[in-house]
Amino acid sequence: MNQALTDLQKRDVKHIWHPCSQMKDYEAFPPIVIKKGQGVWLYDEHDRRYLDAVSSWWVNLFGHANPRISRALSEQAFTLEHTIFANFTHEPAIKVAEKLSALAPEGLHKVFFADNGSSAIEVALKMSFQYHMQTGKTKKKRFLALTDAYHGETIGALSVGGVELYNEVYKPLLLDTVRAKGPDCYRCPFHKEPASCNAPCSRFIEDQLKEHHEEITAVIIEPLIQAAAGMKMYPPIYLQRLRALCSQYDVHLIADEIAVGFGRTGTLFACEQAGISPDFMCLSKGLTGGYLPLSAVLTTDQIYQAFYDDYGTMKAFLHSHSYSGNTLACRVALEVLTMFEEEQVIAMIQQKGERMRELATAAFHEAPYVGEYRQVGLVGAIELVANRKTKEPFPSEERIGYQIYQRALAHGLLIRPLGNVLYFMPPYIISDEEMIFMIETTKETIEQFFQDRRVTVE
Ligand SMILES: *Cc1c(COP(=O)(O)O)cnc(C)c1O
């Protein structure tokens, strides 16, 4: 991609600081200017198209420029775009709250709106802490989180996050979180198979709770998939154990369903597969089908009641965002939730998930350097390893995943690396033909990469 920069590319690098990027990388690899989206495809300024196999960072569910969602958004924009949300309300927010509380696991009837995933995490952390302060458990000042957890980038969310790459430099600023070793099914320390295991690794959380429960306000977890950690997947039994432990030790359970909610794992919410209800559930990403920033924190009547009193008692939750409950975003979320009701989306995800498993298993089962292909719902991940037997990873400095990502782009496929893991998280509307293209292009790109690498290394 060493061609001359286009005018838009030049103007971009002159002023824009992109997320999650070493900007120096953009010298050799300038940003791709997208002009148009349609279905699973993104079109650049030269009309080259890319299959968006990562749903534009896990947010898109029903394709780009989806006619039904775009129409709802456009009509709402000509009626009411936004209103202050303290003392004011609007029908889209009310309907979204009603639907979320009806669809969510049992008992989550109160909905607090924020405007992105990290903010939803901050809300849940603050509410959990304040609840305990207001119910006499004033020693509870710490959170328990897993190694390799990802909960967002704001300081509170980073404090519970366990991906060193993102939080290392900020450690002096972060909260003092209790950390427990999380599940690691590919390199299971107990040598169990996920399908038949009893989650002995939940013991690591149990040990921490035993020791620290009096000072712990909540355990926060990504149900079924530790996504940013490299799509690390674990069985529902782990969540059942965790739910029981949280109840036993009187700490809240915060389910961060920001990545896995809205059908990703094959059920509307991942917690359903464990049959559990958390005390808080954080939602964002897919909530608006990839259209607008919006997030919601669902919680119980019991927690809500601990804040409900005369103003003078100062028990209110005084958290707000300028765009809390934004009308346009709520209207879009309403359309997305209605599509789930009307269009048998969950059945479609399960069926496409099976198809993806079949195709990907065939493609990667024997592939060199693929240590594991794993999948839950419509999330598939390829873990590349230097040695399939010992599962030895490639050194991160080699940026194997990143190089394959760049090559795949040249073939019209957008997959993203998370270290040595490449993953598929396509929009649910992906067709069979598109899915075949996605899997085949990935397979060929990986093969070609390792072939060329062998030539250059030796
Ligand atoms: C993306 C993500 C977040 C943060 O959401 P943002 O909208 O990017 O702030 C939090 N938790 C999980 C599990 C996520 O995947």
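Guide: Helices are DSSP runs of H or I with at least four residues, and strands are DSSP runs of E with at least two, numbered from the N terminus. The model is predicted, so local features need pLDDT of at least 70 and side-chain atom pairs pLDDT 80 or more, while totals for chains, interfaces and linings use all residues. Residues are numbered from 1 along each chain as its sequence is written, and side-chain values use heavy atoms, without hydrogens and water.

Visitor: Where is Asp47 placed?

Guide: Asp47 sits in the loop between strand 2 (41-44) and strand 3 (49-52). Its phi is near 70°, a positive value in a residue other than glycine. Most residues other than glycine have a negative phi.

Visitor: Why is Asp47 called exposed?

Guide: Exposed means over 50% relative accessible area, buried under 20%, and partly exposed in between, with a 1.4 Å probe and protein chains only. Asp47 has 61%, and is therefore exposed.

Visitor: What makes Trp58 buried?

Guide: Its relative accessibility is 8%, so Trp58 counts as buried. Trp58 is found in helix 3 (residues 55-58), and has a positive phi of about 75° although it is not a glycine.

Visitor: How many disulfides are there?

Guide: A disulfide is a pair of cysteine sulfur atoms within 2.5 Å, and by this rule the count is zero. Cys188 is in no disulfide, and the nearest cysteine sulfur, that of Cys201, is 6.4 Å away. Cys188 is buried, at 18% relative accessible area.

Visitor: How do you know how the chain is divided?

Guide: The bounds come from an automatic or database domain assignment, which gives domain 1 (32-65 + 345-457) and domain 2 (71-342). The C-alpha centres of the two lie 27 Å apart. With contact taken as heavy atoms within 4.5 Å, 32 residues of domain 1 are in contact with 26 residues of domain 2.
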